[in-house]
Amino acid sequence: MILGRLPGPRQAPLLWASGAVSALLLVWMNLGFVGAFAELTGGRAMPDLDIDSTAQSLIDLKLLLEARPEAADMLRNMHLGPDLLLPAVLGLVLALLLRRVAPGARLYGRPAERLLPALLTMPVVYVAADYAENIASILLFPPSLPEDATASLLATAIVWLTRLKFAALVISGILVLRLGIGPRPTGAQ
C-alpha cells in the first residue's frame, strides 16, 4: 500500500514540506479567492477551475470583469499570489511521489523505475500548462485590454491549457496511485 511505503517527515522532509505547502496554498486559494470571485461575478467560476469553459464564455467573462474591477483584481491577485507558487510546489509533490513509489513497481510488465523519466513528464506538463494558463489569463483579463483578435486567441489558448493542465494532473495522480497500490513482484515492498 502506498501509505506503508511513504517515509515519515524526518526521512523525506522535502516531500512532506511540499505537500503541506501545496495544501496550504489550495486552502488559501479556495477560502480567499474562489468564493469571493463567485460572489462578485454572479456565480461565475474562476477560469482556472472551469474545465467546461469555452473561448466565448471566457470572452464574456472578460467583458464582465471590465465592468467589475474588484473581481478582475481578485483574479489577478490570485494569479500573483497563491497561484504563483502552487503549480511548482504541486508538481514537485507529484514528482517526488512518483520517484518514491516507482522502485519495485511494474507498469505494463516493465519495471516502473526504468520508465521513471517518461512518467515524470506528466508533472512537468502539468506545471508548464498551469503557468502558461496563468500567463494567458493575466494577458486576457483586466486590467489588460487586448485587441479582439488577441483576446480570442488567448481565450482559446486558456481553454486548451486548462484541459491539458487537468489531464496531466489527473494522469499524474493515477500513476502515483497505480504504482503505489498496484501489484508488486514477489519480494518487493
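**Overall form**

The model is predicted. The protein contains eight helices and two strands, and their order along the sequence is α-α-α-α-α-β-β-α-α-α. Its C-alpha trace spans about 65 × 30 × 20 Å along the principal axes. Of its 189 residues, 42% count as buried. When contacts between residues at least 6 apart in sequence are taken, 79% of them join residues at least 24 apart.

The protein exposes about 10,000 Å², and carbon and sulfur atoms supply 68% of that area.

**The nonpolar cores**

The largest nonpolar core has 28 residues. Those that touch the most other members are Phe37, Met46, Leu58, Leu65, Leu75, Leu140 and Phe141. Two or more residues of this core come from each of helix 2 (13-40), helix 3 (55-67), helix 4 (69-79), helix 5, helix 7 and helix 8. Helix 8 gives the most, with six residues.

Leaving out residues up to four places away in sequence, leucine 58 touches Pro47, Ser53, Leu140, Phe141, Ala155, Ile158 and Val159.

**Helix 6**

Helix 6 covers residues 112-119, and its buried residues are Ala112, Leu115, Leu116 and Leu119. Seen down the helix axis, these buried residues fall within an arc of 145°, so they line one face of helix 6. The face turned away from that buried side carries Arg114 and Pro117, which are exposed. The cover over the buried residues of helix 6 includes the elements in this table.

| Element covering helix 6 | Residues |
|---|---|
| Helix 5 | 82-101 |
| Strand 1 | 106-107 |
| Strand 2 | 110-111 |
| Helix 7 | 121-140 |
| Helix 8 | 148-181 |

**Leucine 90**

Leucine 90 is in helix 5. Its relative accessible area is 15%, and the cut-off for a buried residue is under 20%, so leucine 90 counts as buried. Apart from residues up to four places away in sequence, leucine 90 touches Ser22, Tyr126 and Leu169. Leucine 90 and leucine 26 are 64 residues apart along the chain, and their C-alpha atoms are separated by 9.7 Å.

**Two details of the backbone**

Most residues other than glycine have a negative phi, and most peptide bonds are trans. The model has a departure from each of these patterns.

Tyrosine 108 has a phi near 55°, a positive value in a residue other than glycine. Tyrosine 108 lies in the loop between strand 1 and strand 2. Its relative accessibility is 75%, and a residue over 50% is exposed, so tyrosine 108 counts as exposed.

The bond between proline 142 and proline 143 is a cis peptide bond, with omega at about 15°. Proline 143 lies in the loop between helix 7 and helix 8.

Note on methods:
Residues are numbered from 1 along each chain as its sequence is written. This is a predicted model: local features need pLDDT of at least 70, side-chain atom pairs count only at pLDDT 80 or more; totals for chains, interfaces and linings use all residues. Side-chain values use heavy atoms; hydrogens and water are left out. Helices (H or I, at least four residues) and strands (E, at least two) are DSSP runs, numbered from the N terminus. Buried means under 20% relative accessible area, exposed over 50%, partly exposed in between (1.4 Å probe, protein chains only). Contact means heavy atoms within 4.5 Å. Accessible areas come from the Shrake-Rupley method with a 1.4 Å probe; for residues, only the protein chains shown count as cover. The arc is that of the directions from the helix axis to the C-beta atoms. A nonpolar core is a set of buried Ala, Val, Leu, Ile, Met, Phe, Trp, Tyr and Cys residues joined through side-chain atoms within 4.5 Å.
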